[in-house]
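These are my notebook entries on one protein model. I set down what I looked up, entry by entry.

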Amino acid sequence: MDVYYLGVEIGGTKQQIAIGKADGTIVELVCEKVALTKGALSIREWLLEKVPVVTGKYTTNHSRIAAACIGFGGPIETGTGKVLISVQVEGWKDFELKTWFQEQFGVDTYVLNDTVAGGYGELVLGAGRASQNFFYTNIGTGIGGAFFIGRKYYDGAGCGAAYMGNTYIPDPFAQRAGQATRLENICSGAAIESRLRQPGYVDGSSLLMELCGGDEKMLSCRMLGEAAKQGDAFALGEIDLFARSYAIGLGNMMTSVSPDLVAIGGGVANLGEIILEPVRKYVNEVAFISVRGRCEIVQSELADHVVIAGAILYAAGCSKL
């Protein structure tokens, strides 16, 4: 009998469902941006509609789904699979996600923070294959983090650890000296796009205005990267602002745990070296000598499939324990 595993990604922007094999190979993938008109309920309704359609194809006389794993975009209680909260989507606070999913779909289920699931994927199948002390972080709607020490996930007190986006950095837009803000408020994809879309924020002579057709509400991180690659002064300045702030958060994480490798995923990291090069430069300035020059910073190899692949791997591994 063929054995498959179900991976689910619940994010603040996109939702994914995938069927995969024990080695992390994805055999079927559904990815959609769900309109969150009812917050978390909209996502649960989408799952109720889509999961049976996908899993039904692999629940036959000749195949079965052995386990499922959900990568959830927010802090969770690891032992119970209960969501603590979602910063981006209303309606998830204290929700018993593991219990709900098992009851609805009748499959043994595990729940991880989405960045942790992504870290598993990148550790096993991506850039972290040869790493012993590995840090994975993503820059998407939010910013997460996951440490793997001796190739084992570090879960802290049982509700996750290394929530990098919720660490504090100096606020580059502060009205008074010493004011701080969360890293996510400056460097997440959502924060970058919100800033770009503020009326009058982007220089009118910037290539960005041409790329968005003069409609600031259409500006995106992708456009920012494109303009910067073409040498646009405003775009390069915005990326420099991002990199300086992001490097403080990442440099602090690296100084604290001293990983041998950092892999960065998420939509903003997909811009590639135009983002990563200045990040490396500024991390080298702020990180302590104990880690400086001893840790490589690279882009995620699994890109948009990193969370879903990690969820499938985790489901396969746990189902065999």
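**Entry 1: a surface patch.** I began with the surface and noted a nonpolar patch of about 250 Å² made by Ile149, Tyr154 and Val257. Patches consist of residues with over 30% relative accessible area and no salt bridge; like charges are joined within 9 Å, and nonpolar side chains (Val, Leu, Ile, Met, Phe, Trp, Tyr) within 5 Å. The accessible areas come from the Shrake-Rupley method with a 1.4 Å probe, and for residues only the protein chains shown count as cover. I then located tyrosine 154 in the loop between strand E10 (152–153) and strand E11 (168–170). Tyrosine 154 counts as partly exposed because its relative accessibility is 44%; buried means under 20% relative accessible area, exposed over 50%, and partly exposed in between (1.4 Å probe, protein chains only). Helices (H or I, at least four residues) and strands (E, at least two) are DSSP runs, numbered from the N terminus.

**Entry 2: the basis of the values.** I recorded that the model is predicted, that local features need pLDDT of at least 70 and side-chain atom pairs pLDDT 80 or more, while totals for chains, interfaces and linings use all residues. Residues are numbered from 1 along each chain as its sequence is written, and side-chain values use heavy atoms, with hydrogens and water left out.

**Entry 3: helix H2.** Which residues of helix H2 (residues 97–105) are buried? I found Leu97, Trp100, Phe101 and Phe105. They lie on the same side of H2 because they cover an arc of only 100° around the axis, the arc being that of the directions from the helix axis to the C-beta atoms. The cover over the buried residues of H2 includes strand E1 (2–10), helix H1 (40–56), strand E4 (63–72), strand E6 (82–83) and strand E7 (109–113). Contact means heavy atoms within 4.5 Å. Just after H2, I noted that glycine 106 takes a positive phi of about 65°.

**Entry 4: the domains.** I looked up the division of the protein into domain 1 (2–124 + 305–320) and domain 2 (130–300); the bounds come from an automatic or database domain assignment. The C-alpha centres of domain 1 and domain 2 lie 26 Å apart. Across the boundary, 20 residues of domain 1 are in contact with 22 residues of domain 2.

**Entry 5: lysine 229.** I placed lysine 229 in helix H7 (residues 221–229). Is lysine 229 buried or exposed? Lysine 229 is exposed, because its relative accessible area is 55%. Leaving aside residues up to four places away in sequence, lysine 229 touches Leu271 and Ile274. The C-alpha atoms of lysine 229 and leucine 271 are separated by 9.5 Å, although the two residues are 42 apart along the chain.

**Entry 6: salt bridges.** How many salt bridges does a search of the whole structure find? It finds twelve, a salt bridge being a side-chain nitrogen of Lys or Arg within 4 Å of a carboxyl oxygen of Asp or Glu. In helix H7, glutamate 226 and arginine 222 lie four residues apart, about one turn of the helix, and their side chains meet in a salt bridge (3.3 Å, N to O). In helix H8 (residues 233–257), aspartate 240 and arginine 244 are also four residues apart, and their salt bridge is 2.9 Å, N to O. I listed aspartate 240 as partly exposed at 25% relative accessible area, and arginine 244 as partly exposed at 46%. Salt bridges that share partners join Glu32, Glu49 and Lys50 into one network.
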